[in-house]
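This report covers one protein chain.

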Amino acid sequence: MRTLWQHCRAATMVDGKYSAIEDAAILTDGARIEWIGPRAAAPDIGECERVDLEGAWVTPGLIDCHTHLVFGGDRSGEFEERLEGVSYAQIAARGGGIASTVRATREAGEDALFETARARALGLLREGVTALEVKSGYGLDLANERKMLAVARRLGEALPLTVRTTCLAAHALPPEYANRADDYIAYVCDEMLPALVAEGLVDAVDAFCEHIAFSAAQVERVFQRAHDLGVPVKLHAEQLSSLHGSSLAARYRALSADHLEYMTEDDAIAMAQSGTVAVLLPGAFYMLRETQLPPVDALRRHRVPIALASDSNPGTSPALSLRLMLNMGCTLFRLTPEEALAGVTIHAARALGLHATHGSLEAGKAADFVAWRIGRPAELSYWLGGSVPHRVVRGGALIDVDRIDNIAR
């Protein structure tokens, strides 16, 4: 069904800029944008549904390109400990951190994991998120990684969201492989990845390259296996130290390298040459009270696309608001509001391999957009919390966000 959405202003985000169209109109044909431009230049389309957007600012649907939405339990107790001076590394060394979430996730059934992840995803959808990534990495064995990825697939089937799944089996060392990291990496490469890819559960493969996780050499084994299986890669890199994981990611033409507080200028150059997106995660930076800023100036200088994401997870970024991440990206990392919005639209789409179909308002792309009742796009980064009045369109259909809880489970 063709629909003309009119009387609006559009921040198209083409090429990462507002590229604003005043008095715009958007023609959708089913789930795709057929045409967008000034309303006065709209094609003669005859009979169709017409929707008055009443002067709203329209942006592409927001995209959260780095989340860990599927997990069991919570780590609010560790949050208290960190406030009392215990470091993240110390907590991890005694079996807390990721390991504690692994225990809770293994104990939880698929339906229970789905219900809690669904509630988190609905919160993001209410804010205008129409696409997101969900990582595994709290199962750390074949059965439980499969369970997590199956839950992520269910989210995409049950909710009006595009969900990309990422296998993060190389997230931490499970207890049964204590002091045997190379053996665990062999298990990931030889058993887990082939099985999960064959079952159609994996859109990308990720790893955690850090002194408390896996070395660059171990990560490269995972990347090589993913390459053999025809699956793109991503990487948690340079969050706590400089291991040049982002340069490794660039060598494998990774979709993204994420965190990046300790990356170097050489890493930025390598990412620019490969087209790898830099995903900044201000929620984790804030929660861990970090002081090492990611080198935003170097990323700008070398024209590396910069995305923002919630990193929603139970330990280091229990973030349930992508809009709050826009503000944090501006206040903590000194991004401009335009850069921040590009970071959750066009550049976030590229970080998920979706840039051909999502992330900007262009003919041929998905009809996923949000009509915001705001005076200028910068307001999306300006307001701290609260609800900015808006309407969400996903796949060309208006979603009733006020009744979103009634969506089938």
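Which backbone nitrogen lies 2.9 Å from a polar atom of the side chain of Asp-203? In this predicted model, the backbone nitrogen belongs to Thr-165.

Asp-203 sits in the loop that links helix 6 and strand 8. Its relative accessibility is 18%, and because the cut-off for a buried residue is under 20%, Asp-203 counts as buried. The side chain of Asp-203 also makes a polar contact of 3.0 Å with the side chain of Arg-153. Leaving aside residues up to four places away in sequence, Asp-203 touches Arg-153, Val-163, Arg-164, Thr-165, Val-231 and Pro-232.

The chain contains an open sheet of 8 strands with parallel pairing, in the order 5-6-7-8-9-10-11-12. Strand 5 (62–64) and strand 12 (306–308) are the edges; each has a single partner strand, so one side of each has no neighbour in the sheet. On average, neighbouring strands of this sheet are turned by 25 degrees against each other, direction ignored.

Strand 9 (residues 234–237) and strand 10 (residues 256–259) run parallel and are joined by 4 bridges. Lys-234 stands opposite Ser-256 in strand 10.

**Helices against the sheet**

Helix 5 packs on the sheet and touches strand 6 (129–135) and strand 7 (162–170). Helix 6 lies across strand 7 and strand 8 (204–209). The table gives the direction of each helix relative to strand 7.

| Helix | Residues | Strands | Angle to strand 7 |
|---|---|---|---|
| Helix 5 | 142–158 | strand 6, strand 7 | about 170 degrees |
| Helix 6 | 181–198 | strand 7, strand 8 | about 150 degrees |

**Domains**

The domain assignment of the protein chain gives domain 1 as 2–60 + 360–407 and domain 2 as 62–352. The centres of domain 1 and domain 2, taken over C-alpha atoms, are separated by 29 Å. In the contact between them, 31 residues of domain 1 meet 26 residues of domain 2.

UniProt, in an unreviewed entry, places the feature "domain: Amidohydrolase-related" at residues 57–396.

Note on methods:
Residues are numbered from 1 along each chain as its sequence is written. This is a predicted model: local features need pLDDT of at least 70, side-chain atom pairs count only at pLDDT 80 or more; totals for chains, interfaces and linings use all residues. Side-chain values use heavy atoms; hydrogens and water are left out. Two strands pair if DSSP finds at least two bridges between them. Helices (H or I, at least four residues) and strands (E, at least two) are DSSP runs, numbered from the N terminus. Axes are lines fitted to C-alpha atoms, for helices over the stretch in contact, and angles run from 0 to 180 degrees between N-to-C directions. Contact means heavy atoms within 4.5 Å. Buried means under 20% relative accessible area, exposed over 50%, partly exposed in between (1.4 Å probe, protein chains only). A polar contact is a pair of N or O atoms within 3.5 Å; within protein, one must be able to donate a hydrogen and the other to accept it, and residues adjacent in sequence count only if both atoms are side-chain atoms. UniProt positions are given in the numbering used here, feature names are shortened, and annotations may be inferred rather than shown by experiment. Domain bounds come from an automatic or database domain assignment.
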